Amino acid sequence: MTEKIAIFGSAFNPPTRGHASVIEQLTHFDRVLLVPSYKHAWGKSMASFEQRCQWVDAFIHDLNMPQASCCRLEAELGKNGDAVTTYMLLTALQAHYCHADLTFVVGPDNLLKFGQFAHSEQILARWSVLGMPESVNVRSTYIRDRLAKGLSVDDLTTPSVAEQLSDTAFSFSD
């Protein structure tokens, strides 16, 4: 039987209950790879890649989804300072998981912009793309805004991520 892998890429800057509401709908996949952007293709300012990977690891722990893992492949693909596109990522993942069926999962915000993705037509021709609605409308921006005001984010993310966000000093721009 062919392994079915969902790939959910995001800035995860930081991970939110909105992300969780999408990921929790992916339990029918054998493997769910959460892929933090290494360098955002559209120039978004983010916390360091390692910090966001730590948040994603804590997030996965809280979700208690054994088939989910943090995929750090974008760091290797972007090591020369270039932005990593979805096409580059999927091509590299397909080479690694050569016999798997890959499905790229997009949230509602990126589904509307999918035509702007580099090589979007080739992605659609080669892989499945699954638009997933979020049942909880929480954006990372909401968390960053609350943190800037010194407010709690416990209701916007998972417990371990909220604890890390309140316990450490970090910058949301590299």
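Here is a friendly question-and-answer walk through a predicted model.

User: What makes Arg72 and Asp57 a salt bridge?

Analyst: The closest N and O atoms of Arg72 and Asp57 are 2.7 Å apart. The cut-off is a side-chain nitrogen of Lys or Arg within 4 Å of a carboxyl oxygen of Asp or Glu, so the pair qualifies. In general terms, side chains of opposite charge can pair when their charged atoms come close.

User: What does the pair of Arg72 and Asp57 tie together?

Analyst: Arg72 sits in the loop between E3 and helix H3 (73-77), while Asp57 belongs to helix H2, so the bridge ties together parts that are 15 residues apart in sequence.

User: Why is Arg72 called partly exposed?

Analyst: Its relative accessibility is 34%. Buried means under 20% and exposed means over 50%, so Arg72 falls in between. Asp57, with a relative accessible area of 35%, is partly exposed too.

User: How many salt bridges turn up in the whole structure?

Analyst: A search finds five. One of them joins Arg146 and Asp155, with the closest N and O atoms 2.5 Å apart. Arg146 has a relative accessible area of 26% and Asp155 has 47%. Both values lie between the 20% and 50% limits, so Arg146 and Asp155 are each partly exposed.

User: How do you know that Glu134 and Arg139 form a salt bridge?

Analyst: Their closest N and O atoms are 2.6 Å apart, and the limit is 4 Å, so the pair counts. Arg139 is partly exposed, at 28% relative accessibility.

User: Where is Glu134, and what does it touch?

Analyst: Glu134 is in the loop between E5 and helix H7 (140-148). Leaving out residues up to four places away in sequence, Glu134 touches Gly18, Ser21, Val22, Pro108 and Arg139. Glu134 and Pro108 are 26 residues apart in sequence, yet their C-alpha atoms are 7.3 Å apart in space.

User: What makes E1 and E4 paired strands?

Analyst: E1 and strand E4 (residues 101-106) share five bridges, in the parallel sense. At least two bridges are needed, so these strands pair. Along the way, Ile5 stands opposite Leu102 in E4.

User: Why are E3 and E5 called edge strands?

Analyst: The open sheet has five strands in the order E3-E2-E1-E4-E5, with parallel pairing. E3 and strand E5 (128-131) each pair on one side only, which makes them the edges. Neighbouring strands of this sheet are turned by 25° against each other on average, direction ignored.

User: Which helices lie against these strands?

Analyst: H2 packs on the sheet, where it touches E2 and E3, and its direction makes about 150° with that of E2. Helix H4 (residues 86-96) lies across E1, E2 and E4, at about 150° to E4.

User: Which residues touch the most other members of the largest nonpolar core?

Analyst: This core has 31 residues, and those with the most contacts to other members are Phe8, Ile23, Leu26, Val32, Leu34, Phe59 and Val105. Elements giving two or more residues to the core include strand E1 (4-10), strand E2 (31-36) and helix H2 (49-63). H2 gives the largest share, eight residues. Another core lies apart from this one; it has 18 residues, among them Leu33, Leu89, Phe117 and Trp127.

Note on methods. Residues are numbered from 1 along each chain as its sequence is written. This is a predicted model: local features need pLDDT of at least 70, side-chain atom pairs count only at pLDDT 80 or more; totals for chains, interfaces and linings use all residues. Side-chain values use heavy atoms; hydrogens and water are left out. A nonpolar core is a set of buried Ala, Val, Leu, Ile, Met, Phe, Trp, Tyr and Cys residues joined through side-chain atoms within 4.5 Å. Buried means under 20% relative accessible area, exposed over 50%, partly exposed in between (1.4 Å probe, protein chains only). Helices (H or I, at least four residues) and strands (E, at least two) are DSSP runs, numbered from the N terminus. Axes are lines fitted to C-alpha atoms, for helices over the stretch in contact, and angles run from 0 to 180 degrees between N-to-C directions. Contact means heavy atoms within 4.5 Å.
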